[in-house]
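I am opening a notebook on this structure. My entries follow in the order I looked things up.

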Amino acid sequence: MTEAAVHVEGQAAQHALHSYVHGAVASGAAHAEGQQHPIKLYLVVWGWLFVLSTCSYLVDYFGIHGHLRWSLILLFMVLKAGLIVAVFMHMAWERLALAYAILLPPVLVLVFVGIMMFESDYTHLLRVMFFASAS
């Protein structure tokens, strides 16, 4: 082979190697650019989960009864679930469409349960009035 042919083949191999290395570095950079959250965030969330759990147990400890008890327990439960979903399941950093796709159906189920609850009170009241007046 002539020296010119070896030089051309060497340049082609060098170009291919350069393309391969550039692609590998670019994909490595893409992996390195992924979401890296500081450990402080997770420690703060764990702290809040501990505080909310303590508050939930204190509701029982202080003997709170009735609607206030259940309202406080449900409030603390929803706050803890929101923290877990937002931080540990990374929903705080997802696209809004994905967040709506995951969070909207349970909210709608709760709305429909509330509607059914009010409807059941209405029909219960009518049955009591109807059967009380029939006897």
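Is Trp46 buried, partly exposed or exposed? I find Trp46 partly exposed, with a relative accessible area of 46%. Buried means under 20% relative accessible area, exposed over 50%, and partly exposed in between (1.4 Å probe, protein chains only).

I note the ground rules. This is a predicted model, where local features need pLDDT of at least 70 and side-chain atom pairs count only at pLDDT 80 or more, while totals for chains, interfaces and linings use all residues. Residues are numbered from 1 along each chain as its sequence is written, and side-chain values use heavy atoms, leaving out hydrogens and water.

Next, the rings. Rings of Phe, Tyr and Trp (its six-membered ring) pair if their centres lie within 6.5 Å; planes under 30 degrees apart count as stacked, over 60 as edge-to-face and the rest as tilted. I count four aromatic pairs by this rule. One of them, Tyr42 with Phe88, is stacked, at 5.7 Å centre to centre and 25 degrees between the planes. Tyr42 lies in helix 2 (residues 39-61) and Phe88 in helix 3, so this pair ties together parts 46 residues apart in sequence. Helices are DSSP runs (H or I, at least four residues), numbered from the N terminus. Trp46 and Phe88 are stacked too, because their ring centres are 6.1 Å apart and their planes at 20 degrees. I see Tyr42, Trp46 and Phe88 form one aromatic cluster. Tyr42 is buried at 15% relative accessibility, and Phe88 is partly exposed at 27%.

Last, I looked up Phe76 in helix 3 (residues 67-88). Phe76 is buried, with a relative accessible area of 12%.

Key:
Helices (H or I, at least four residues) and strands (E, at least two) are DSSP runs, numbered from the N terminus.
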